[in-house]
Amino acid sequence: MGQIQLNQVTKSFGSVEVIPPLDLTIEDGEFCVFVGPSGCGKSTLLRLIAGLEDVSSGMISIDGADATQTPPAKRGLAMVFQSYALYPHMSVRKNIAFPMKMAGIDQAEQNRRIDAAAKALNLTDYLDRRPGQLSGGQRQRVAIGRAIVREPAAFLFDEPLSNLDAALRVGMRLEISELHERLATTMIYVTHDQVEAMTMADKIVVLRAGVIEQVGSPLDLYNRPDNLFVAGFIGSPKMNFIEGPEAAKYGAHTIGIRPEHIDVTDASGPWSGKVGVAEHLGSDTFLHVHDTGLAETITVRAPGEVQLHYGDAIHMSPRAELMHRFDANGLRMA
Amino acid sequence: MATQHSRSAARLMMAPAVVLLLGWMLVPLTMTLYFSFKRYLPLRGGDLGWVGFENYTRFVTSSAFWPSIQTTLLIVGGVLVITVVLGVLLAILLNQPMWGQGVVRILVIAPFFVMPTVSALVWKNMFMDPNYGLLAHLWKFFGAAPVEWLSQASLPSIILIVSWQWLPFATLILLTAIQSLDGEQLEAAEMDGAPAYKRFGYITLPHLGRAITVVILIQTIFLLSIFAEIFVTTGGAFGTKTLSYLIFQRVLESQNVGLGSAGGVYAIILANIVAIFLMRIVGKNLDA
Ligand SMILES: Nc1ncnc2c1ncn2[C@@H]1O[C@H](COP(=O)(O)OP(=O)(O)OP(=O)(O)O)[C@@H](O)[C@H]1O
Ligand SMILES: [Mg+2]
């Protein structure tokens, strides 16, 4: 009751092909996250699944049935928009009731579901307010409430947290994850924030210019990125890439090493350089090291508080077993 | 900073405009009030002295008074209904992406730039004339007897002419309002299972509420005093005599300035009653 399959789906706006032929299967109950840089076609892909855009070619099936020509309302999917898209002249209660009213569900059942959703989302006190009288986080919850009461086959979220401040974003992230555990409904979630992707997803789909670069679980992508793009996109701070003679030592065109896989050593180590900016986060310290002769900057994560400052000379040793090797085309070498 | 100082400077600089506007409004108003208590017949003896409220009682007891009120309200109401309904439809239509959108929009707005007198004459002679009007030709083409629009259907004809003039105004305001509607709301409603007509009813129309209010308010103020359209078409005959036309007749045709002024005061009162009514009904719409 919520398996979505895309088969050779393409989408063009006029002569611009935004999505070249694309295959993807999202299993029932899965939390699938689309990530990618701005303009790569995440929203477009989501809108194709929702039915708000027509595919240029290819087939979309929901639970095995062809839904390519099915109008959005009949697909049984609920969408939460980035702008929330609440109805400004209706109270919160009426907003949440709207899809049920359209479906002709009887009043008693409507009230039951509204109360349940309001309770789950902490909206009980706000049911009689208008959206304009709510905070960003509350509006977001109303939008989710409006999606829940339909009991859809799958939820579609388009960057639902991007309008919220950092603290609220973390809170809502947890709430959405919890909601997914409780409802066990398929969720497709678009974001360009790789932390959201890593923390929430069962499956991450990394997109670039409409092309799927890699599909896999967060840790798959972290541990075995298929190419330079995925390697650079997943993980924070970004992976270090080193080309040239140092990479040749490992028999690769480019080697990649994550900041957390480099150890700082005072006296000796294969790599050396001068500390540039040191970012002290308390739990970790990120050192941006210059003058290494390897790449412009090497980012290193040192655990805890490190007494290193601008201009200090340090040595570093990468953990060779955690190094990623890429060939001249940017693809992973075995 | 010296807010006190700049405030008095501002007052000083605004003063000429305020005085001019006040004079503009107060002088005619005072003169109307002054004459309304006089017996003043320019061609039959001039100022014949104070008469108290006689003009007021004579104006309302004349057999033409109540029909003129009724006609006024019918025209205002009719034009409002037509312009708002068609205005909403046209605005929705013009908001669709289509070929030659810019030209079409200008064409739709064009009637607003035609002077009332001219447009009424055009309608009267080119469309509604029973002998050589376009509509007469159309009727004849289908073998029907041409309608003498301005005598047989005088009130609807005038409502038609005035609506044609005011439709662009309504369309323009409603179009700008419709363009500010968030497309995602409509998409959300579509996903929520609302068919097109329900999306219109539940999303678009409430969104337009405020713009419709503005259209109704502004049009009412102007429509209460329409004159040219009646003057050049029926000349107030065939039950098209509005309050403002009646006042015109009293002053210029019967040369009774006092009686006309009393009518003018009634017109002011009527306009205010309507305005208060409208404000009450739609006021909560405006401050929402
Ligand atoms: N209606 C449209 N007409 C033409 N081009 C469009 C249209 N909608 C999107 N595009 C183009 O398609 C590409 C993908 O857009 P899309 O909105 O899917 O990006 P996105 O991945 O969601 O980006 P963001 O993270 O910024 O939201 C962009 O290059 C955009 O310019
Ligand atoms: Mg987007």
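Student: How many residue pairs are in polar contact between chain B and chain A, and what makes a pair a polar contact?

Tutor: Seven residue pairs, both residues at pLDDT 80 or more, are counted between chain B and chain A. A polar contact is a pair of N or O atoms within 3.5 Å; within protein, one must be able to donate a hydrogen and the other to accept it, and residues adjacent in sequence count only if both atoms are side-chain atoms. This is a predicted model, in which local features need pLDDT of at least 70 and side-chain atom pairs count only at pLDDT 80 or more, totals for chains, interfaces and linings use all residues, and side-chain values use heavy atoms, without hydrogens and water. Residues are numbered from 1 along each chain as its sequence is written, with chains lettered from A and ligands numbered from 1 in the order in which they are written.

Student: Why is the pair Asp192(B) and Arg146(A) called a salt bridge?

Tutor: The rule asks for a side-chain nitrogen of Lys or Arg within 4 Å of a carboxyl oxygen of Asp or Glu. The N to O distance here is 3.7 Å, so the pair qualifies. Across the interface the rule finds three salt bridges.

Student: Which elements of chain B give two or more residues to the side that touches chain A?

Tutor: They are helix H9 (183-191) and helix H10 (196-223), helices being DSSP runs of H or I with at least four residues, numbered from the N terminus. H9(B) gives the most, with seven residues.

Student: How do you know how much area is buried between chain B and chain A?

Tutor: Buried area is the accessible area (1.4 Å probe) that two parts lose on being put together, summed over both. For chain B and chain A that is about 1700 Å², with 61% from carbon and sulfur atoms. Met191(B), Asp192(B) and Tyr202(B) supply 42% of what chain B buries against chain A, more than any other three residues.
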